[in-house]
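Subject: Handover of a structure

Dear colleague,

Please find the structure below for your records.

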Amino acid sequence: MSTGKLVVAVVGATGAVGREMLKTLEARDFPATQVRAFASSRSAGSTVPFKGGELVVEELQEQSFPGIDLALFSAGGTTSKHFAPFAVKAGCVVVDNSSAWRMDPKCPLVVPEVNPHDVDWHNGIIANPNCSTIQMVVALKPLHDAATIKRVVVSTYQAVSGTGQKAIEELERQVRQLFNGQEAECKVYPYQIAFNCLPQIDVFSEGDYTFEEIKMIKETAKIMGDESIKVTATTVRVPVFYGHSESVNLEFEKPITPAEARAILSQAPGVQVYDNPSEKMYPMAIVAAGEDEVFVGRIRADNTVENGLNLWVVADNIRKGAALNAVQIAELLLAKGKLHV
């Protein structure tokens, strides 16, 4: 029988995404009776802001989860692999933001605007997709439903916040150093990120694709539920604090005009069409930062292929690309009666 009480934990609460998860739970008035904050022993005893007050951060331990109904994890893949099974064993549902469970066939990979039905078969862990994948599939799904996507070529321009707080601080520090005639100190990235672009996100793997690129390729097929969609990706880190931008080239099976695409996307959940070239209106990272929507613009025909379109897709990677999507999954679970409270 439902107790009417819902206890939520944010794991990794002191990080950039963990803090944003707390802000999102508050902003969306998520009906939690209690919210608890967990992090490593280094952060235990510190505080994080929540609802005008502060939560004392508890040390994450294997025995932390009895009495918790829902845990939002944002503490890295190694931590998630170790601790998420203990949470599930204690009866907790885990929504995990790391890459640890995304391609596990037993774990759904969910973007609520795209495949909400997949939460129905979870076994305790639901994976939150990669930030760059999330914003792309939100824009792709309504177009795929209308004209069936055959091929996707995506190039991303990703903010440093995707790497975490230390990367944000590195960009800030390097800008100050360079303006003061000093050499840029590189600790997070292999090369200077200030005033530069790095065509490497994560490590290189098979075929000289990076793991970030492989994530986008594999995750898109799983989320869209269509292995026939061909995807290739080039992911680039750029000196922007918040907001990932993507150039997306699409080839469809059926004809679709830019006007039809605009009309479809203007009605799509979670999408904001921001597209008026004559007025220099197009999505930018500074437009998307702090916003929940996925912004789509520069919608135009690709005349080099039959049934081709180009899109420019921008979203706040910490919000929709991470924290918001996780909380939306939690809201979906609650609406479907998938949380045992």
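**Strand pairing and helix packing**

Phe38 has Glu58, in strand 4, as its bridge partner. Please note that the model is a predicted one.

The pairing of Phe38 with Glu58 belongs to the contact between strand 2 (residues 34–39) and strand 4 (residues 53–59), two parallel strands joined by 3 bridges. Ala39 is likewise placed opposite a residue of strand 4, namely Glu59.

Strand 4 also pairs with strand 3 (residues 47–50), here in an antiparallel manner and through 4 bridges. Within this pairing, Thr47 has Val56 of strand 4 as its bridge partner. Strand 3 and strand 4 form a hairpin with 2 residues between the strands, and Lys51 in this hairpin adopts a positive phi near 50°.

These strands are part of an open sheet of 7 strands, ordered 3-4-2-1-5-6-7, with mixed pairing. Strand 3 and strand 7 (125–127) are the edge strands, each pairing on one side only. From one strand to the next, the twist averages 25°. In a regular strand, side chains alternate between the two faces of the sheet.

Helix 2 (residues 77–89) lies across strand 5 (70–73), strand 6 (93–96) and strand 7, and runs at about 155° to strand 6.

I turn next to the helix contacts. A pair of packed helices is described by the angle between the axes and by the distance between them.

How do the axes of helix 3 and helix 8 cross, and at what angle? Helix 3 (residues 131–147) and helix 8 (residues 319–335) have axes that come within 8 Å and cross at roughly 85°. Because angles of 65 to 115 degrees count as roughly perpendicular, helix 3 is roughly perpendicular to helix 8. In this contact, Cys131, Ile134 and Val138 of helix 3 meet Lys320, Gly321 and Asn325 of helix 8. By class, the contact residues of helix 3 and helix 8 comprise 3 nonpolar, 2 polar and 1 charged.

Helix 3 packs against helix 6 (residues 258–266) as well, at an angle of about 120° and with the axes 9 Å apart. Helix 3 is therefore oblique to helix 6. The crossing of helix 3 and helix 6 is right-handed. On the helix 3 side, Ala139, Pro142, Leu143 and Ala146 take part, and they meet Ala261, Ile264 and Leu265 of helix 6. The contact of helix 3 with helix 6 has 7 nonpolar residues, with no polar and no charged ones.

Yours sincerely

Methods. Residues numbered from 1 in each chain as written. Predicted model: local features only at pLDDT ≥ 70, side-chain atom pairs only at ≥ 80, totals over all residues. Heavy atoms only, no water. Axes fitted to C-alpha atoms, helices over the stretch in contact; angles between N-to-C directions. Parallel < 35°, antiparallel > 145°, perpendicular 65-115°, else oblique. Contact = heavy atoms within 4.5 Å. Nonpolar A, V, L, I, M, F, W, Y, C, P; charged D, E, K, R; others polar. Pairing = 2+ DSSP bridges. Left-handed = near helix turned anticlockwise from the far one by under 90°.
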